[in-house]
Amino acid sequence: MRVSGPQARAVLGALAGKVPEPRLAMRVQLRDFNGGPIDDALALWFPGPGSATGEDIAEFHIHGGRAVLAALLAALSAFENVRAAEPGEFTRRAFENGKLDLTEAEALDDLIHADTDRQRRQALRQLKGLLGDKARDWRARIIEASALIEAGIDFSDEGDVPTELIAPAMAGIRSLCGEIQEVLATQGRSERLRDGLAVAIAGPPNVGKSTLLNLLARREVAIVSPHAGTTRDVIEVQLDLDGYPVTVIDTAGIRETDDPVEREGVRRARSRAAEADLVLWVTDAPHEKTETVGSAPSVDAPVWVVRNKIDLDAGSGGAPRGPESGFTFRISAVRGDGVAELVDALVLFAQDCFGSGEGGLIGRERQRRLLQETVDALQRCVSVMSRGEELAAEELRAASQSLGRLLGRVDVEDILDAIFREFCVGK
């Protein structure tokens with residue numbers, strides 16, 4: 001358990017009887033206010049600002065039983081000005097105290113919620129500050145260019161301010177704009193790795209959609225029944241396909257019905273299929289006589305035909321075959337024939353969708369949007385320079401603010417500090 005803030009040292013001393021040397025674990029007997037023993041534990045002391053949150057931190061490494069945890073929580077709650085932390089509060093304090101920028105805080109959240117190995121590796125790269133380091137460098141160059149332009153505007157009568165300021169400033173802006181555009185262009189769909197793909201299993205009733213879902217999930221997540229219309233609601237399962245996060249959605253059988261509950265299930269099925277990245281349209285021999293892929297919901301995503309129940313085909317022997325022309329698969333969801341080929345195709349589809357996103361700098365749509373705002377402001381700066389240096393300086397301020405919001409650091413004094421430091425105005 002961790003305690004952060006100005007009371008941390010007092011809490012540690014009271015419960016452990018002593019304060020260990022900084023960053024050295026010490027075995028202690030934790031006791032409450034009445035002297036009653038709580039646990040035989042390890043205690044650590046991290047004085048601020050050299051701690052994870054930038055504040056004083058005390059850590060108690062205790063045995064994990066519920067009674068021990070409850071006793072320690074009760075002892076901590078007895079101190080004045082000590083309360084339970086809010087969700088994410090330690091990370092927020094680290095951010096507010098300059099230990100993390102906003103991109104690193106987002107990466108920490110992504111790491112906590114990573115479901116696959118590829119998501120974990122991407123979050124770790126973000127947590128190392130790759131995007132934050134780039135953004136800080138870009139922002140410093142914007143501030144430098146802005147300082148040159150504003151120095152030319154405000155301090156042109158000062159003898160120690162160079163007269164030729166605009167040309168190098170504009171050259172730097174064009175170069176910077178090109179760099180950010182290159183990052184935006186090469187990222188593709190890297191932020192999609194965080195959210196994953198959505199694959200909808202759709203089709204007529206009683207063709208084996210739920211059986212296929214259970215087979216992909218390797219557990220019983222959907223009810224399988226010989227009676228049509230068993231699935232009434234949308235069932236979602238999170239899968240890890242070769243490290244790619246994929247949400248497989250089982251939907252109600254699509255057909256005309258007078259049952260109001262089933263009709264609502266069909267409406268939801270059509271809606272989720274329309275939102276999916278890929279639709280698996282499942283059918284079988286009896287339905288192929290009356291249903292075609294044209295019966296599938298109208299969607300923008302690719303539709304793969306999955307011909308199920310080949311084990312029941314007369315004369316076919318149930319022999320599995322790979323994908324045929326038009327991305328048609330022949331499977332037996334009961335026996336598993338052909339399912340491996342379907343899964344391999346899904347992995348290839350995920351690879352194509354994510355592209356090289358795993359190594360990308362951008363992890364969230366917010367980051368992409370703010371970088372695009374930065375590029376737009378830099379392009380406007382170049383275009384309005386001929387109409388006045390003041391207009392160009394304003395666009396640079398907008399670009400700097402966009403990167404500041406990306407990092408969570410917006411300081412209006414940065415430009416003035418750069419001017420006075422570089423040109424010694426007023427010395």
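How many cavities of 30 Å³ or more does the structure hold? I found that it holds one, where a cavity is a set of points on a 1 Å grid over the protein atoms alone at which a 1.4 Å probe fits but cannot get out, and a volume is the space filled by probe spheres set on the points.

I noted that this is a predicted model, in which local features need pLDDT of at least 70, side-chain atom pairs count only at pLDDT 80 or more, and totals for chains, interfaces and linings use all residues. Residues are numbered from 1 along each chain as its sequence is written, and side-chain values use heavy atoms, with hydrogens and water left out.

I then looked up the lining of the largest cavity (residues with an atom within 4 Å of a point), and it consists of Leu197, Val199, Leu241, Val246, Leu346, Phe349 and Ala350. Helix H12 gives the most to this lining, with three residues, and strand S5 (197-202) also gives two or more; helices are DSSP runs of H or I with at least four residues, and strands are runs of E with at least two.

Next I turned to helix H4 (residues 102-112) and helix H5 (residues 117-127), which pack at an angle of about 155° with their axes 8 Å apart. H4 and H5 are therefore roughly antiparallel to each other, a term for angles over 145 degrees. Their contact (heavy atoms within 4.5 Å) includes Leu108 and Leu111 of H4 and Leu124 and Leu127 of H5.

Methods
Axes fitted to C-alpha atoms, helices over the stretch in contact; angles between N-to-C directions. Parallel < 35°, antiparallel > 145°, perpendicular 65-115°, else oblique. 1 Å grid on protein atoms, 1.4 Å probe; cavity = no way out; pocket = protein on both sides within 12 Å on 5 of 7 lines; lining within 4 Å.
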